[in-house]
2 protein chains.
Amino acid sequence: MEISPLQAARKAYSPKLPAALRNGASVNVIKGNPLPAFADTEKIAALFPTTSNMPDLTFAAGNGEKLANPINVGVILSGGQAPGGHNVIAGIYDGIKSLNPASKLYGFKGGPSGLVDNEYVEITDDFMDAYRNTGGFDMIGSGRTKLELPEQFDKGAINAQALGISAIVIIGGDDSNTNACLLAEYYKAKNVPIQVVGCPKTIDGDLKNSFIETSFGFDTASKVYSEVIGNIARDANSAKKYWHFIKLMGRSASHITLECVLKTHVNLALISEEVEAKKQTLSEIVDNIAKMVAARSANGENFGVLLIPEGLIEFIPEMKILIAELNDALAKNAEEFAKIVDNADKLAFVTGLLSPASAAVFSSLPDVMRLQLSMDRDPHGNVQVSQIETEKLLAELVKKRLAEMKKAGEFKGKFSALTHFFGYEGRCSAPSNFDADYCYALGYNAAAIIGSGATAYMSYVSGLTKPAADWKAGAVPLTAMMNVERRHGADKPVIRKALVELDGKPFKAYAAVREEWAVKTSFVYPGPIQYFGPAEVCDITTETLRIEHE
Amino acid sequence: MEISPLQAARKAYSPKLPAALRNGASVNVIKGNPLPAFADTEKIAALFPTTSNMPDLTFAAGNGEKLANPINVGVILSGGQAPGGHNVIAGIYDGIKSLNPASKLYGFKGGPSGLVDNEYVEITDDFMDAYRNTGGFDMIGSGRTKLELPEQFDKGAINAQALGISAIVIIGGDDSNTNACLLAEYYKAKNVPIQVVGCPKTIDGDLKNSFIETSFGFDTASKVYSEVIGNIARDANSAKKYWHFIKLMGRSASHITLECVLKTHVNLALISEEVEAKKQTLSEIVDNIAKMVAARSANGENFGVLLIPEGLIEFIPEMKILIAELNDALAKNAEEFAKIVDNADKLAFVTGLLSPASAAVFSSLPDVMRLQLSMDRDPHGNVQVSQIETEKLLAELVKKRLAEMKKAGEFKGKFSALTHFFGYEGRCSAPSNFDADYCYALGYNAAAIIGSGATAYMSYVSGLTKPAADWKAGAVPLTAMMNVERRHGADKPVIRKALVELDGKPFKAYAAVREEWAVKTSFVYPGPIQYFGPAEVCDITTETLRIEHE
């Protein structure tokens, strides 16, 4: 396997650990008070009789004592890629070896299905070393199979126990960690001697709470996006003739978009949570953008950059209703729709199935978008929201609006738009120094949790704006992060997704300056992630964390 | 102006200079033999009576002597942005100050039009320092106005002389440097005491010859693209379910695409020059990709990455003919076409205007593409080739082809494609150490050319795979790089665009391994540009140069 010079140089990097882990993963455990679920306490307690109301754990450095017996551990990468996943595995590996050098780590391949289907690989020194400080999940692969059925849990137990595995670490987002908790409860209730520990992963940044300050990968991914956004902003400011409409990954939460605007100071970041809270219509959003374009144009600046979160469209109330109606109408009339050949006839047919309000919204959209909404459907017949080119839709509608404003004498400039979508560029970047350290610490700490005998906990490391040595290490019960939500018509226990809070410090910090940034060119160009230079360039984490901790 | 921590740290970077310039821009000049134009010698000599058949100049370090009088110089950024433009200006600035500290540098704003319209700014120490080692052309702006008319030259002379300017440096690509030569010839023939010097800029990498080893910006831009291509490749190799079709900027030449595949070892890079030379049809190209997808799928790998140069479509013979016919037919029938309302009717009308061969090609394209080709036209009525989403076209056609192969039992896997276009992300990145040094040296060397009294020369610095101190510095007559080409029905002297040579070393290096890379996953992940780390990570230039110098 040929590797790049940077990858070769990064092999030598030793991730930093919190002081609590400096003598290995055998730690002194300080128990907190029992923590109930943060909402729907009784329901969660009833659903998780053996794993709810457990105390949080805080770790202090041990004396380096080894365990009498080795521990075999299985690790699973679940869901979308995030930078640093391999370092979590490296942390677990080194952590369990510190507990007992004969401990073994098995990687279940291709995500949670690997546990059920018994697809695994034993992780050896050489294999592990080839992946330290690298991006991607290619070491053992990932997958989106949901672990939620007793049959899966039983098969998993058989497969794990055949390998002598007494603990499983699941590296995933809110859903995967919810399922980790179901698995832990199942095993504990049935006295299956397998601990389950979770690690908080997702570039979206929406797995966070009072213990989990950030999910891993968010730092690196938002730095990659900010690099290219900054480059594009500098290009806009040099060429002075284009508006760049940039869509960013992040289906539910707008943390990435918020972080990127805080890093780059571009003219506008739409925040889905605000659009929903203020019940902004598509036409209001378009109006606001058009006014900004006109205001900048009046200053002679016919260029700019704006950021759009991937999931925006679903947060616009009238679009949400339209999409729901489309899903319903097209599911019921699939056959008839399929028979229509001509595109114009298709659109007329679809429009006739909608409520008057939704029909009006639908008719206001450009042709291409209407066809996309009617024809690009997933196997369940649903509109594929992630395929909707919101950036092109907005650029098109703003152009139309500006043409009207021009006629009315409200806009005298030029408008030319270019669109971009960034997502896959950031998920597998080599982790920043922060994510390399944070992930390694999360994994090493997971080994400490395993060593302590606990199950149904999530590994946490906090105080992240301080130097790594000052980070706190501990474990939070998975049930403590849960509430009950209505999903597909049934009550389900879930770890709550953390959306952007409109009264939170990061959003307020943006809200305080956004009017100035909209009109005045205030771009900042972060440049590429640096690994070797001065600390203020290489080791600082996100603006979001900085502002939250201020 | 708030700047990022990286930008602040980069301010401290001192670009390296060749030994010839170590004692300032006052150098010893070694004259070579008179160099005729490399082709059409007599025609060029006739067109450039005072500036053709001049010797190339090689510089050796001087003794640091100052000029008796200061020199005022004007600088112009021409055409598309390229990383390092500000460092060329910094090099000129420091260079003319080394000749005489009272020398002044003026920046003409917004490109060549700044000279004609007398839009300028005096560059002071503070102003210069704010832009050292930064990306973008925002310091003085750029533009695409062509300097080619005597009226423009005359106005420019008046404006320049009002500022006491006796030399103009034009930083641009092949066209801009062609015009720099026209300007130099005009002034010299008329005894206007203004020297003109060119500097080779373009991320496309197509301004190169035996003196100019590479144009500046190519190194940085291709590193930015390779970073994100590598990240996407790692994502593909982790998720194992997508084919990524990535289009890269570079309208005429495929140097960027070739460089990026040499850096990342992704499965396929289409090279426009090869497509043209082999007269490959669109359907052959699609077939080849589909076969690669099927071969990888047979190995269980339903994923991959391929690179497409932006200008590909114009190099496919039948598409070139189709586009020419469309341009012609729609220009002649614009009014009638505009009256047609229904899209299907529009397409039928257009098809009827084409030759049978082109009509067949046109009909084989997806609807969206046919509408794009018929409706998205520039102000001259021409198809906007740069707007054609070739990456989507190919993905769509490959999908169709694979569906046929599936029916025939030749493909049993899955195919799901995602598309990307990278261009604006790379043009304004902060320059790599290489481009920071190279650009500064080119600018400083331009000052040396000015100090030597020469005009109609391009600044060159060569031996670029060696350490900067060992680089050779000199000047090559602009006329020596020219030939005569047919443009818009007339013979024009132009600096020849350097396309990818199919018998050149870089292409041959790729051709030797591409069958393996196509089928076997051999991805290399270059990661982001590094400025501060080990030399093998930070200071190495392109694979193209490395292979050419091997």
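User: In this predicted model, what share of the contacts in chain A between residues at least 6 apart in sequence joins residues at least 24 apart?

Analyst: The model is predicted. The contacts considered in chain A are those between residues at least 6 apart in sequence. Among them, the share that joins residues at least 24 apart is 79%.

User: Which radius of gyration does chain A have, and what does the globule rule give for 550 residues?

Analyst: Chain A has 23 helices and 15 strands. Its radius of gyration is close to the value of the globule rule, so chain A is as compact as a globular protein of that length.

User: What percentage of the residues of chain A count as buried?

Analyst: The C-alpha atoms of chain A fill a box of roughly 80 × 55 × 50 Å along the principal axes. Chain A exposes about 20300 Å², of which carbon and sulfur atoms supply 52%. Of its 550 residues, the buried share is 62%.

User: Is Asp174(A) buried or exposed?

Analyst: Asp174(A) belongs to helix α7 (residues 174-189) of chain A. Leaving aside neighbours within four places in sequence, Asp174(A) is in contact with Leu207(A), Ile495(A) and Lys497(A). A residue is buried when its relative accessible area is under 20%. Because the relative accessibility of Asp174(A) is 7%, this residue counts as buried.

User: What kind of axis relates chain A to chain B?

Analyst: Chain A is superposed on chain B by a rotation of 180° with 0.0 Å of shift along its axis, at an RMSD of 0.0 Å. That relation is the one of a two-fold axis.

User: Which residues of chain A lose the most area to chain B?

Analyst: In the interface, 60 residues of chain A are in contact with 60 residues of chain B. The two chains bury about 4400 Å² between them, with 52% of it on carbon and sulfur atoms. Together supplying 15% of what the side of chain A buries, the residues that lose the most area are Arg234(A), Tyr424(A) and Glu425(A).

User: Against which helices of chain B do the buried residues of α13(B) pack?

Analyst: Helix α13 (residues 317-332) of chain B has 16 residues and reaches 23 Å from its first C-alpha to its last, close to the expected 22 Å. Its buried residues include Leu322(B), Ile323(B) and Leu326(B). In chain B, the buried residues of α13(B) pack against α11 (282-298), α12 (312-315), α14 (334-339), α15 (343-353), α16 (356-363) and α17 (367-375).

Terms used
Residues are numbered from 1 along each chain as its sequence is written. Chains are lettered from A and ligands numbered from 1 in the order in which they are written. This is a predicted model: local features need pLDDT of at least 70, side-chain atom pairs count only at pLDDT 80 or more; totals for chains, interfaces and linings use all residues. Side-chain values use heavy atoms; hydrogens and water are left out. Copies are superposed by least squares on the C-alpha atoms of residues with pLDDT of at least 70 in both. Helices (H or I, at least four residues) and strands (E, at least two) are DSSP runs, numbered from the N terminus. The expected span of a helix is 1.5 Å times one less than its number of residues. Buried means under 20% relative accessible area, exposed over 50%, partly exposed in between (1.4 Å probe, protein chains only). Contact means heavy atoms within 4.5 Å. The radius of gyration is taken over C-alpha atoms; the globule rule is 2.2 Å times the number of residues to the power 0.38. Accessible areas come from the Shrake-Rupley method with a 1.4 Å probe; for residues, only the protein chains shown count as cover. Buried area is the accessible area (1.4 Å probe) that two parts lose on being put together, summed over both.
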